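Hi,

Here is the structure I promised to pass on. Have a look at it, and then read my notes below.

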Amino acid sequence: MAPRIAIIGAGFGGLCMAIRLERAGITTYTVFEKAGDLGGTWRDNTYPGAGCDIPSHLYSYSFERYASWTRRYAEQPEILGYLHRCANKYGVRRKIRFNTEVVSADFDGSRWQVTTAPASPAQPMEAHPAAAPASAAPDAAAPASAAPVSAAQGSVEAFDVVVAAVGQLNRPHLPDIPGISDFAGTSFHSARWDHAHDLTGRRVAVIGNGSSAAQLIPLVARAAGRLEVFQRTPNWVIPKPDAAFGPWARLALRYVPGAQRAYREWIHRYAEATLYPALARGWSADLLRKRALGHLHRQVPDPALRARLTPGYPPGCKRVLIDSAFYPALTRPNVDVVTEKIIRITPEGVETAEGLHPADTIVYATGFRSTEFLAPMRVTGRDGANLAERWGAGAEAYLGISMPGFPSLFLLYGPNTNLGHNSIVFMLECQVNHVMACLPHLSAHGPMEVRPEAMAAWRRRLGDAMERMVWQDGCRSWYKTADGRVTNNWPGTTTLYRRLTSRPPRRAYRHVRPAP
């Protein structure tokens, strides 16, 4: 008898899991999605210029290679359209319960009791944006028969397996700055963009200068009368060789045998061979630094501004930005980079140590609560184990997927599975392959969990590998907890991760006796 499976989240990970189950003939699953549409981070992030810094042909499922990408680096509407296309093609949309939030998951000794509730009304700073319509990208529209299913009221259901695919970048982070609620103008987080607010001619303050900020600042700078970018720490930036695929290139990728597979493989191997060694303090670290400094010098002629934009830490310690429009935007006459410490937000604008910076609009491009995995969902495992308490010193999981004491609970994009050099979609597929390999054992022998000794060995191995990575070199980043523990990133190559997750899981797992 096929197990009942709950999948939490309908982004890249949750859809991948659902599609793989469908392809295996397993239809006893339900996808819970707290929003009104699928897409995860690509549904939420609709700010101007939103896109991906991984080449499109690699940032896609291996089983659903897509030849019709219009650009080397796809933008948000096209990626969201791709996800809609996949959901429609494989028939998984009918299994998604939209507007349904998982409040808790409790293991009762035999199965998981999953409690859901209608999604809470969004707060102003947390409001979901009017996402770009799916029809903005090829093959995006859903068939009329696949209308979303909404939960009218909360309920509790039993499942044999829970797969949490909520991601690492789904809960916006607002900085701890006094007076945020006092601001008299319009303010919002970049992941909750207010499309009704016209920035034309306005005095805009953007707080933050990471990946999202680098993408939105060039377009905001064109519209705003005055833009001030508040930078705490500069980022390393390398050029983005973005280009549109012409009709001949797209035809070749679609119809020439092996062309798309070869192009995808080349992108993957290049990232493994050149970008990963830089993160591991290897041969390409100096090359990455020289490339970034050359890019800065070519695009920023003012030595004073260049000095403010030059990081004091090694490239890769924080996420390296891939962008060719960010620096030119900062050199515009209506743009200023402010490095003074922010003291408070006032009704009139942003007050720093040097005085008040008037603004009528504040955009918080301040990232996400990335180290709070699965929050705010409550997860209780075997013998009453509380996952939040277990992760008090930082989240961890075997292969980033499983934890002792939490039988038949699997994570996608869990602790230490993020990348700084390659495609997260590749990692997600490795994790889904691992879960699929576990299902026959679970069906035959009952609930299964990671052995404590396997988790201890994994912890030691991960710690040893982490010591050689550049993330340890003193910078602050979203990869780390407040105590400096790297809980998000994978310290190895993706090919190593594929090999580790493809091993038969029997030795690392044990079956637990179901409660009578």
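What follows is a short tour of a sheet, a histidine, an arginine and some salt bridges.

First, the ground rules. This is a predicted model, so local features need pLDDT of at least 70 and side-chain atom pairs count only at pLDDT 80 or more, while totals for chains, interfaces and linings use all residues. Residues are numbered from 1 along each chain as its sequence is written, and side-chain values use heavy atoms, with hydrogens and water left out.

Let's start with the sheet. Strands β15, β16 and β17 make an open antiparallel sheet in that order (strands are DSSP runs of E, at least two residues, and helices are runs of H or I, at least four, numbered from the N terminus; two strands pair if DSSP finds at least two bridges between them). β15 (342-346) and β17 (355-358) are the edge strands with a single partner each, so one side of each has no neighbour in the sheet. Four bridges connect β15 to β16 (residues 349-352), and Ile342 has Thr352 as its bridge partner.

His357 sits in β17. It counts as buried at 12% relative accessibility (buried is under 20% relative accessible area, exposed over 50%, partly exposed in between, with a 1.4 Å probe and protein chains only). Its side chain makes polar contacts with those of Glu228 at 2.9 Å and Thr352 at 3.4 Å (a polar contact is a pair of N or O atoms within 3.5 Å; within protein, one must be able to donate a hydrogen and the other to accept it, and residues adjacent in sequence count only if both atoms are side-chain atoms).

Next, helix α6 (residues 259-279), where you'll find Arg264. Arg264 is buried but has no salt bridge, with the nearest side chain of opposite charge, Glu429, 4.2 Å away (a salt bridge is a side-chain nitrogen of Lys or Arg within 4 Å of a carboxyl oxygen of Asp or Glu; Lys and Arg count as positive, Asp and Glu as negative, and His and the chain ends are not counted). Instead, the Arg264 side chain reaches the backbone oxygens of His57 at 2.9 Å and Ser60 at 3.1 Å.

Elsewhere, there are 25 salt bridges. One of them joins Asp53 and Arg319 (3.0 Å, N to O); the two lie in separate loops, so the pair ties together parts that are 266 residues apart in sequence. Back in α6, Glu265 and Arg269 form another at 2.8 Å, and they are four residues apart, about one helical turn.

Cheers
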